[in-house]
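Subject: Handover of a structure and findings

Dear colleague,

Please find the structure below, handed over for your use. My findings follow directly after it.

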Amino acid sequence: MSTTGTPLVVGGAGFIGSALVRHLAAQGPVRVLDDLSTGRAENIDGVDGVEFVRGSLLDDDVARAAMRGASTVFHLATLGVRHSIHDPVANHEVNATGTLRLLEIARELGTERFVYVSTSEVYGTAETVPMDEDHPTRPHTVYGGAKLAGEAYTRAYHTTYGLPTVVIRPFNAYGPRSHHEGDSGEVIPKFIVRARNGLAPLIFGDGRQTRDFTYVDDSARGIAAAGSAPEAVGRTINVGSGREITVRELAELVTAAAGRPDLAPEYHPDRPGDVRRLFSDSALAADVLGWKPEVSLREGIARLLEWHDSQGTDWAAALSEDVSYNWKPRG
Ligand SMILES: Nc1nc2c(ncn2[C@@H]2O[C@H](COP(=O)(O)OP(=O)(O)O[C@H]3O[C@H](CO)[C@@H](O)[C@H](O)[C@@H]3O)[C@@H](O)[C@H]2O)c(=O)[nH]1
């Protein structure tokens with residue numbers, strides 16, 4: 001089987017996907033397959049050496065053509081938590097069945113390595129902290145369940161067929177190109193957009209829930225390392241900063257960084273499916289991938305604000321794009 005050595009990033013126009021594409025493109029050509037259902041072409045516009053293929057991973061012919069000749073396949077295409085609440089069966093179709101279809105094509109083509117980017121949502125809420133990879137997986141949402149099924153298939157293709165696979169579980173990623181709108185909209189970008197509009201951060205629940213926020217370039221470095229580290233094959237590996245922070249503390253950090261420490265949070269009822277606590281033990285990533293987070297939360301938030309300044313973000317428009325949690329596909 002001859003390969004060009006070109007990596008393929010499925011979901012490469014998404015938030016983490018586009019950070020990974022930038023990282024890989026610094027070393028050589030990269031191919032991207034994305035249907036732009038939630039991703040944006042502009043996330044990878046102007047990155048040298050990127051070959052972009054628009055198409056659905058559920059179309060076997062499209063996926064096979066994109067995967068042919070690719071040495072490593074990084075699979076980050078996904079539809080997220082809110083989508084799964086509104087359309088659970090379609091969510092399973094992309095996250096679970098879609099992953100199985102890609103694995104089957106990888107087996108057929110003899111792909112050298114298949115890296116499945118899962119999510120810390122497979123754990124459900126932390127029962128013990130920090131959470132290593134042996135922590136029970138009791139997802140709260142169909143999204144977490146479907147991603148866990150995708151993981152199980154990925155591991156099974158290693159044990160059954162010897163396909164060299166790796167599963168990565170990123171904890172909450174944030175940074176440039178993060179979504180403030182729609183389904184994948186995350187808490188840090190949402191707080192920033194509100195603060196820039198002079199509005200208080202909205203907190204769902206009591207704000208004592210915790211997360212482990214990881215700067216997206218750190219997440220991307222860990223995922224890239226999974227594509228080459230010899231010891232990674234057959235493993236499931238957390239990529240999280242290993243710092244736990246409450247959403248209340250986060251609101252303070254963001255409003256202070258945005259120059260609006262006067263904006264006290266507004267509290268709203270819990271959202272369905274939200275987990276209480278997430279906090280990564282990333283010792284395995286250090287051992288197997290040689291990975292360590294490099295960017296502190298304070299620094300990462302500052303970089304995200306600088307990135308917005310460099311983009312000249314229209315804050316009023318950004319606020320009106322915030323459809324909060326009424327998921328609908330764009331376009
Ligand atoms: N080709 C193809 N692409 C798809 C499909 N469905 C979705 N995509 C693309 O898959 C990408 C997913 O990217 P995002 O929605 O930006 O996800 P993310 O924020 O990077 O989330 C990732 O990290 C989370 C952890 O922080 C994970 O929870 C999540 O699963 C995902 O890997 C988007 O560009 C979207 O267009 C499909 O059927 N086919």
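I begin with a salt bridge between Asp206 and Arg276, in which the closest N and O atoms are 2.9 Å apart. This pair links distant parts of the chain, since Asp206 sits in the loop between S8 and strand S9 (210-211), while Arg276 sits in the loop between strand S13 (266-268) and helix H9 (283-289), 70 residues apart. Asp206 is partly exposed, with a relative accessible area of 30%, and Arg276 is likewise partly exposed, at 40%. Please bear in mind that the model is predicted.

Salt bridges within helices

The structure holds 17 salt bridges. Side chains of opposite charge can pair when their charged atoms come close.

Arg107 forms a salt bridge with Glu104, and their closest N and O atoms are 2.9 Å apart. Arg107 has a relative accessible area of 38% and is therefore classed as partly exposed; Glu104, with 31%, is also partly exposed.

Arg303 counts as partly exposed at 31% relative accessibility, and Glu299 counts as partly exposed at 35%.

The ligand site

How many residues surround the ligand? There are 29, and the closest are Phe15, Ile16, Asp34, Tyr143 and His179. By type, the shell divides into 14 nonpolar, 12 polar and three charged residues.

Several distances to oxygen atoms of the ligand may be of interest for your work:

- Asp34 places a polar side-chain atom 2.6 Å from an oxygen atom of the ligand.
- Thr119 has a polar side-chain atom at 2.9 Å from an oxygen atom of the ligand.
- Gly14 contributes through its backbone, with an N or O atom 3.0 Å from an oxygen atom of the ligand.

On its own the ligand has 790 Å² of accessible area, of which the protein covers 93%. The elements that give two or more residues to the shell are helix H1 (15-25), strand S2 (30-34) and helix H5 (142-161).

Which residues of helix H8 (residues 247-257) are buried? They are Val247, Leu250, Ala251, Leu253, Val254 and Thr255. The cover over these buried residues includes helix H6 (187-196), strand S8 (202-204), strand S12 (245-246) and helix H10 (297-311). Just after H8, Gly259 adopts a positive phi of about 75°.

Yours sincerely

Definitions and conventions: Residues numbered from 1 in each chain as written. Predicted model: local features only at pLDDT ≥ 70, side-chain atom pairs only at ≥ 80, totals over all residues. Heavy atoms only, no water. Near = heavy atom within 4 Å. Polar contact = N/O pair within 3.5 Å; in protein donor to acceptor, adjacent residues only side chain to side chain. Areas by Shrake-Rupley, 256 points an atom, 1.4 Å probe, with all protein chains shown as cover. Helix = DSSP H or I, 4+ residues; strand = E, 2+ residues; numbered from the N terminus. Nonpolar A, V, L, I, M, F, W, Y, C, P; charged D, E, K, R; others polar. Buried < 20%, exposed > 50% of the residue type's maximum accessible area, 1.4 Å probe, protein only. Contact = heavy atoms within 4.5 Å. Salt bridge = Lys/Arg side-chain N within 4 Å of Asp/Glu carboxyl O.
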